Amino acid sequence: MAVYTEVEDEALAAFLTEYDIGRLTAFRGIAEGVENSNFVLRTTQDETDRDFILTLYEKRVNPAELPWFLGLMRHLAMNGLNCPLPVAGRDGEALRELAGRPAAITTFLRGVWPRHVHVEHCGPLGTALASLHLAGQDYKAERPNGLGPDAWRPLLLASRKNEATDRSFPGLSEELDLALDRILPQWPVTAGTSTLPRGQIHADLFPDNVFFLDGTISGIIDFYFACTDLLAYDIAICLNAWCFSDDGTFNVTYARRLLEGYQSVRPLSEAERSALPVLAAGAAMRFALTRLYDWVNTPASAMVTRKDPMAYVHRLRFHMASPTLEAYGV
Ligand SMILES: Nc1ncnc2c1ncn2[C@@H]1O[C@H](COP(=O)(O)OP(=O)(O)O)[C@@H](O)[C@H]1O
Ligand SMILES: N[C@@H](CCOP(=O)(O)O)C(=O)O
């Protein structure tokens, strides 16, 4: 589920008077997603139905950062990426407040996200990711990655403090600690300086954030982890999220297609290619840690589906076994 905040009819009606998007004809909450409350809004203008997404921003989004996220989405959409376009009210503002939460309306994107990833998804995914990176180049404002390497030890410590971690996952915090000892010294950023190209990255491009329609990508959503970081780290996140089979094995054919698609738009440098294994290990670490943190800190009564940290621990183990570049399809 992801409707944490209910919206009363009267409050919605008053909110919509600020916009010029037609007459409201339907409104429903969206069960999918974990971070924010999302609703589909349907309006009718001149007999034409139009769908929009209304998002109320919840706990993990810092309201001060919302203009950066909405600005990035606007920039990418204006530069040809199929991503939600924030809709401004009559006063020109896209960010407002509803039901005590920061709120925004964005355009609705057609298509469905793949419940099962097939090799045919991976090429278009790589191409779209590289297009996102190129389209983001002129968006100059930076947002540091709050879930980057500096955040990993504190996240692990925070989970360790909760006794549920050892009860539910015996030995896991020690394993993650040792893996961090190996990953952090190899991370391709020294004293804040990187030898690899940086830019705006999505940072959460999982299958549930990519819509397909007739075999092509019709939409990329959920930019609320986007940040300014190593472009190749975004590829590493996708290698983790798209290229492991349900049984936990890495599918090198998927990875090869993803990398080919990416490089058809933005060729990787030698340094980026060589860094992929450690970046992939870091990406697996990041999602194992946030999932672990959420797992032990989410009350059983909460109406949200917790994601299994072990799925990313298995991926991490693959990366920690030091596979060659060829094993990644490079
Ligand atoms: N612009 C959009 N167009 C169509 N559907 C959307 C759009 N944005 C969100 N959704 C729907 O809402 C769901 C949750 O959105 P998401 O941004 O992933 O939420 P969260 O950030 O809370 O995890 C998506 O799976 C999708 O069904
Ligand atoms: N992709 C992350 C969780 C973030 O959820 P989303 O619904 O905002 O994509 C994970 O799988 O751990």
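**Close-up views of a predicted model**

**View 1. The loop between β5 and β6 in the predicted model.** Ala 99 lies in the loop that links β5 (96-98) and β6 (101-107). Although Ala 99 is not a glycine, its phi is positive, at about 50°. Most residues other than glycine have a negative phi. Ala 99 is partly exposed, with 14 other C-beta atoms within 10 Å.

**View 2. The loop between β10 and β11.** Asp 214 is found between β10 (210-213) and β11 (216-220). Asp 214, again not a glycine, has a positive phi of about 50°. With 6 other C-beta atoms within 10 Å, Asp 214 is exposed.

**View 3. Helix α4 and its buried face.** Helix α4 comprises 12 residues (residues 149-160), which at 1.5 Å a residue should span 16 Å; the end C-alpha atoms are 18 Å apart, in agreement with this expectation. Trp 152, Leu 156 and Ser 159 of α4 are buried. Seen down the helix axis, the buried residues of α4 fall within an arc of 65°, so they line one face of the helix. An α-helix has 3.6 residues a turn, so residues three or four places apart point the same way. The elements that cover the buried residues of α4 include α5 (163-168), α6 (172-186) and α9 (270-297). Pro 154 and Leu 157, on the other side of α4, are exposed.

How values were computed. Residues numbered from 1 in each chain as written. Chains lettered and ligands numbered in written order. Predicted model: local features only at pLDDT ≥ 70, side-chain atom pairs only at ≥ 80, totals over all residues. Helix = DSSP H or I, 4+ residues; strand = E, 2+ residues; numbered from the N terminus. Expected span 1.5 Å × (residues − 1). Buried ≥ 20, exposed ≤ 12 C-beta atoms within 10 Å, placed from the backbone. Arc of directions from axis to C-beta. Contact = placed C-beta atoms within 7 Å.
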